[in-house]
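Here is a briefing on a two-part model. Look over the sequence and the coordinates, then read on.

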Amino acid sequence: MSEVLVTGLGLWAPGYDDVARWASGVPDPAVARPRSALFPGAAARRATPLAQMAGHALGAALDQARVPPAEAELLLASVGGELDATFACLRLMREEPPASSPLRFANSLHSSPLGHLGVAFGARGFAGAVTAPADTLVAMALLEATTRAAAGGDVALVVADDTWPHAPCPPLAVAFVLSVRARPDARPLARLGTVGRGKPTLPPSSRADALRANPSARALDLLDAVLAGRAGTVGLGGDEAGGYVVPLAP
Amino acid sequence: MTVRRYPITAYAAACALGMRTADVIASLREGRSGLVRQGAEHGLPFETWFGALPEPVAARDLGPWTARQADVALHVLDEIEGPVCAAVDRWGAHRVGVVLGTTTGGVSETEARFGAFVATGAFPPDYDFARAHLQYGAAEVTARRHGITGPRLAQVSACSSSAKAFATARRWLDAGVVDAVLVGGVDTRCRMTLLGFHALEVLSSEPCTPFAEGRRGINLGEAGAWVLVEREGEARAWLRGVGETSDAHHLTQPRPDGAGVRDAMALALADGEVDAAEVGLVNPHATGTLYNDAAEGKALMELLPHRPPVVPTKGLTGHTLGACGALETVMCVVALEQGWVPAAHTGPLDPALDLNLPRARAELRPRFALNTSAAFAGHNAAVLLEAP
């Protein structure tokens, strides 16, 4: 597979609503719940927090990559997806007679954030949602995104999980725009090789420690390595068969 | 220039038409519907028809992964154990991947334990929510069953999930990261989904009639299907192309002009370097809703004016959600391999649609078949298959 360029970065986490603030290491206490300008008025009420944070991170990454949102290929990777909406549906089922809600049911689907974002962006190309265990989510997301980008599109990947109703998980969304060729007025930030098995040569992000309960936190290891202009292999997690890495070069 | 195509070397399916692939094929050949009426006795405050698996699936002790969805995935996988083991031996466990499409995961397991969660704020200690409920579970148990250590993930793009799984498989093979991929789809009955579709007012209280005049909505169903795609091997059929698009229109309704699904089909044809006029069979998404079928019908009329046979099968199986792309791809593979096209099991054609819905099984030998899927969030996918 050919190399893929990283041309845009985006992020939303409690205290951090952009990459520059994340890089500064100084959180903003006012950044508590995600809100994206992509969803004005009634759309804001329909879009879930996961859609909001994914949209916020993707919008920033696409802006940096100079990719018009309508031309982006969208990929969401999430372990839990829309668990809040799912649990809301499960609660409604306990009513007598058992009930449901059209909006909550539609929002309970893993891919529903992309439905909201696709409409907001006017994006009519490829879009998809994937999931995997927490330990391999980021590796599988990057594999899916880089192999898709190799076909020539601008893939906007967001790895995100909202708070979980059943276990501790701080909200986090990390976005990358991946392309074989950068747009004319965009600056390539780094080059990625093929995701595969191996041992990382670069250290994990020390700033991500407070967010490690979120499976997307491994994406911060890649984001920080890109920001630092490092070369080597970034650890992406792994399973019983070994770790996954992605080669990175400035 | 060499055409980029990958052999499908094995397949298996279970759905309302049968617990084994041979039973599914026999029912499909005879046009025997597997839909059954469900209502209050099944915990539903309404009546509908459902494509239930006709026999119980053996419950396995899968430890923390124990879930009916995983049971169905493994039940179907057992049927192609030989070819899967051969692929693992041939290519190496690390060169085989697993991509599974699903929507519900193990939500039915959580339904049964949600009372405890509400009462105590936690699930029972013997319930591993992450492994039993979340959508990657069946892909993981499938890989573990055969010691597969290559990449594995679940496609969770609602009802186009397992059609999109073929796209992932093709990308992985193109990129050289694997030499074989188990591509599948599985979704099993859960009340949450039935109640949700009822709330959306798209569930029919009668057997569904895709593309028919006066159609009244969908019936849901459950199914599992696996397809083994390899870099080289004896082809039962070929995976020739895949196309994926988005509607950018509405969370739950398709674009009325059908452009999303039309473009997905066109991209699959371009990916496979096949002219639209060569398509000899279509298994459409065709759920039986007013809007889906109108939009998809327009797309088919625009892209395929030569009117190839269009055979909706959800009137036999119900809409199997995340499994339908894989299940209906298996049906296309059977048609291409065996040289017959099933009858369309539905009512009188909607007069607004100029489609060729065969009313009887036909001994035809199409060279290319398209399977289309559409989904909430506006995600469309089309899989292009070639006869062996």
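A contact means heavy atoms within 4.5 Å. On that basis, residues 24 or more positions apart account for 70% of the contacts in chain A with a separation of 6 or more. This is a predicted model: local features need pLDDT of at least 70, side-chain atom pairs count only at pLDDT 80 or more, and totals for chains, interfaces and linings use all residues. Residues are numbered from 1 along each chain as its sequence is written, chains are lettered from A and ligands numbered from 1 in the order in which they are written, and side-chain values use heavy atoms, with hydrogens and water left out.

**Chain A**
- Chain A has eight helices and nine strands. Helices (H or I, at least four residues) and strands (E, at least two) are DSSP runs, numbered from the N terminus.
- A compact globule of 250 residues would have a radius of gyration near 18 Å, and chain A agrees at 17 Å. The radius is taken over C-alpha atoms; the globule rule is 2.2 Å times the number of residues to the power 0.38.
- Of the 250 residues, 59% count as buried. Buried means under 20% relative accessible area (1.4 Å probe, protein chains only).

**Chain B**
- Chain B has twelve helices and twelve strands.
- For 388 residues the globule rule gives a radius near 21 Å; chain B has 19 Å, which agrees.
- The C-alpha atoms of chain B fill a box of roughly 60 × 50 × 40 Å along the principal axes.
- In chain B, 66% of the 388 residues count as buried.
- Of the chain B contacts between residues at least 6 apart in sequence, 77% join residues at least 24 apart.

**Helix 8 of chain B**
- Helix 8 spans residues 191-199. Its buried residues include Met192(B), Leu194(B), Leu195(B) and Phe197(B).
- Just after helix 8, Glu201(B) takes a positive phi of about 60 degrees.

**Interface**
- The contact takes 55 residues from chain A and 57 residues from chain B.
- About 4500 Å² is buried between chain A and chain B, and carbon and sulfur atoms give 68% of it. Buried area is the accessible area (1.4 Å probe) that two parts lose on being put together, summed over both.
- On the chain A side, Met93(A), Phe105(A) and Arg124(A) lose the most area to chain B, together 15% of what that side buries.

Methods
Buried means under 20% relative accessible area, exposed over 50%, partly exposed in between (1.4 Å probe, protein chains only).
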